[in-house]
Amino acid sequence: MAAPAQRRIIFQHIDEAGYTNDLACYQKHGGYEVLKKSVTRKPEELIDEVKKSGLRGRGGAGFPCGVKWGLVDRKSGKPIYLIVNADESEPGTFKDRYIMHQDPHQLIEGTMISCFANNVKQAYIYIRGEMPHGARILEKAIAEARAAGFVGKNILGTNYSCDIFVHRGAGAYICGEETGLIESLEGKRANPRIKPPYFPAVLGLYQCPTIVNNVETLCHVKYIIEHGGAEFAKIGTPGNTGTRIYCVSGHVQRPGYFEFECGKITMGQLLNDVCGGPLPGRKFKAVIPGGSSAKIMRFGERYKGKRKVGAEMVDYDWAVEDVPMDFDSLGMIGTMGGSGGVIVMDDTVNMVEALANINAFYSHESCGQCTPCREGSLWMKKITTRMVHGAARAEDAALLKSVADQIPGRTICAFGEACSWPTQSFIAKFGDEFKNYHETKQAPKSTAAQPLV
Amino acid sequence: MNLKPDTLSKIDEVITHYPVKRSATLPLLHLIQEDVGYIPEKAEEWIAAKLEIEPINVYEVISFYPMFRRKPIGRRHVKVCRTLSCALMGGYKTCEQFENEFNTHRGEVSPDGEVTIEFVECLASCGTAPVVLIDDDLHEKVDCAKAKQLADQIKAEAKKR
């Protein structure tokens, strides 16, 4: 079956000729009309629309946005903060970058609607440090919106006031973890906080109730308020509503970002029809479906089990190409939709070398406060790097697995899982390649193979 | 601390963005690094006094975040993405090309003082890999040929100076 057409609701104007990132252009395309209507409605009504929509967070965990908002402590009398998580840094993910650079007002409008709905006192956009132009674009856009009465004091003549400030990170991946981000925004090392008790909804920024939402999530909120939660829920599939932006990188003919209804496209359609298939003369070997920490899928393997379709349980027997690209299907087969970053590897790639690359990333980015993660990620890096650049041994596969198995569940934040899943899944799916690496590495390499570590 | 008047006014402005002054630690470090080129040692005490915190609070932030540096670098900062999607498309070769062009190694100032080349982790532009950030500007699909072109451009600009 051919791939369905893209449905661009968030990326509607991305790469559109003549579309600029200033206020005038945004308003010419109907910008801030949704905010104008929103401030005449009751905040609870807006929260209800988001709950009805079934919107799940687009940062990686897929947690329902309405539920997140519902957990906010509104009785403490403390101010409520909202933080836009624009620390896009999960390897393979590159969607928020385009929203912020090309359509910043969409994000600002979504943010202000969310702030009004939750009676937020102050919002911050935490943007990664490596996007200096993005930070300047957002600051300029916020200033324009402030001058027009969409942000700041007495928004659109109401009694409601809320400002947005841009806060730049400084190159640490862990700031994408919401409690690490909060620590960073407080001016500290981004060491994630332990939950309980530090659920952001109760004890977040400055120990006040705090909402942390991804850039794309907040853009969806704008769309939901415009069209209604029920209408939004009709897009996509039940439990996986709305659209998703898939970021495809690596070994395909046409990498890029593509917005589809959630669950309406399969991995095979995305990689073959949309992205043009493998590079000439190559074959797909493996794909990571949701950012580099998501467990790897091996082409040729099959996933079997039972799944719920409507009220019935039906058998499924899928090849990699058949798997629908939604949170639940990818979760069911043992990986995850995560942040939507799809990284494709073809038959020129040696999996030991690919894992060595990923392990170097996680070892560099571990914040260091939990021993299993700090040491484990470093050991996994050292072992895989040694396998590639030094002496590889048949027993390294088992050694790597034993290190990886001792990390998850023993750390303060999910980084422990994130750094061990690649090693666990690479060895589960490509165990032979690890066991035989000490022999295969002696053989001459394909000229197309790239150094990965 | 000998900061430009513009930096000082930006510092005073950014502190007002937060109900707790300590939150301005990262913004102040960015502003000082943009002004001076790196974070001089005396900045720790200066920021600490400004934000009413201890110098160790500033030091621990500088040492945690990869973007803050305690030493001067070359006039241009070339950051090559090292992470998987870029590596799959030739990022390691791109980095090597830059190193050869400027006769230097990653993390060092080139002999002519012109560049510091570094490997950095994912720059969130994986669809146009390999990517390179030169100062504030992102360059996409930088294969060896394009790396050479960019290096030539840097060299030409250096000559004009």
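Biologist: What is the count of buried residues among the 8 residues of strand β11 of chain A?

Modeller: In this predicted model, β11 of chain A spans residues 302-309; strands (E, at least two residues) and helices (H or I, at least four) are DSSP runs numbered from the N terminus. A residue is buried if 20 or more other C-beta atoms lie within 10 Å of its own, exposed if 12 or fewer do, and partly exposed in between, with C-beta atoms placed from the backbone. By that test the strand is hardly covered, and the count of buried residues is 0.

Biologist: What pLDDT do local features need in this model?

Modeller: Residues are numbered from 1 along each chain as its sequence is written, while chains are lettered from A and ligands numbered from 1 in the order in which they are written. This is a predicted model, in which totals for chains, interfaces and linings use all residues, side-chain atom pairs count only at pLDDT 80 or more, and local features need pLDDT of at least 70.

Biologist: Which residue in the turn of the hairpin of β11(A) and β12(A) has a positive phi?

Modeller: Two strands pair if DSSP finds at least two bridges between them, and here 8 bridges join β11(A) to β12 (residues 312-319) of chain A, with the two running antiparallel. Within this pair, A:R307 stands opposite A:V314. The hairpin has 2 residues between its strands, and the one in the turn with a positive phi, of about 65°, is A:G310.

Biologist: Which strands of chain A are at the edges of the open sheet of 5 strands?

Modeller: This sheet has mixed pairing and the order β8-β7-β13-β9-β10 in chain A. Strand β9 (residues 284-288) pairs with β10(A) in the antiparallel sense over 2 bridges, and A:V287 has A:M297 as its bridge partner there. The edge strands, each pairing on one side only, are β8 and β10 (297-298) of chain A.

Biologist: Is A:F150 buried or exposed?

Modeller: A:F150 is found in the loop between α7 and β3 of chain A. Beyond four places in sequence, its contacts include A:Y32, A:L35 and A:M112. With 23 C-beta neighbours inside 10 Å, A:F150 counts as buried.

Biologist: Which residue of chain B does A:Y173 touch?

Modeller: A:Y173 lies in the loop between β3 and α8 of chain A, and it is buried, with 26 other C-beta atoms within 10 Å. Its C-alpha atom is separated by 9.1 Å from that of A:H364, although the two residues are 191 apart along the chain. Not counting residues up to four places away in sequence, A:Y173 touches A:S89, A:E365 and B:E121.

Biologist: Which element gives the largest share of the side of chain A that touches chain B?

Modeller: In total, 47 residues of chain A are in contact with 34 residues of chain B. Several elements each supply at least two residues of that side of chain A, including α7 (132-147), β7 (243-250) and α14 (351-365). The largest share, 6 residues, comes from α14(A).

Biologist: Which strands of chain B stand at the edges of the open sheet of 4 strands?

Modeller: The order in this sheet of chain B is β2-β1-β3-β4, with mixed pairing. Strand β1 (residues 76-81) is joined to β3 (residues 132-134) by 3 bridges, the two running antiparallel, and B:V80 has B:V132 as its bridge partner. Each edge strand has a single partner, so one side of it is left without a neighbour in the sheet, and these strands are β2 (115-120) and β4 (137-139) of chain B.

Terms used
Contact = placed C-beta atoms within 7 Å.
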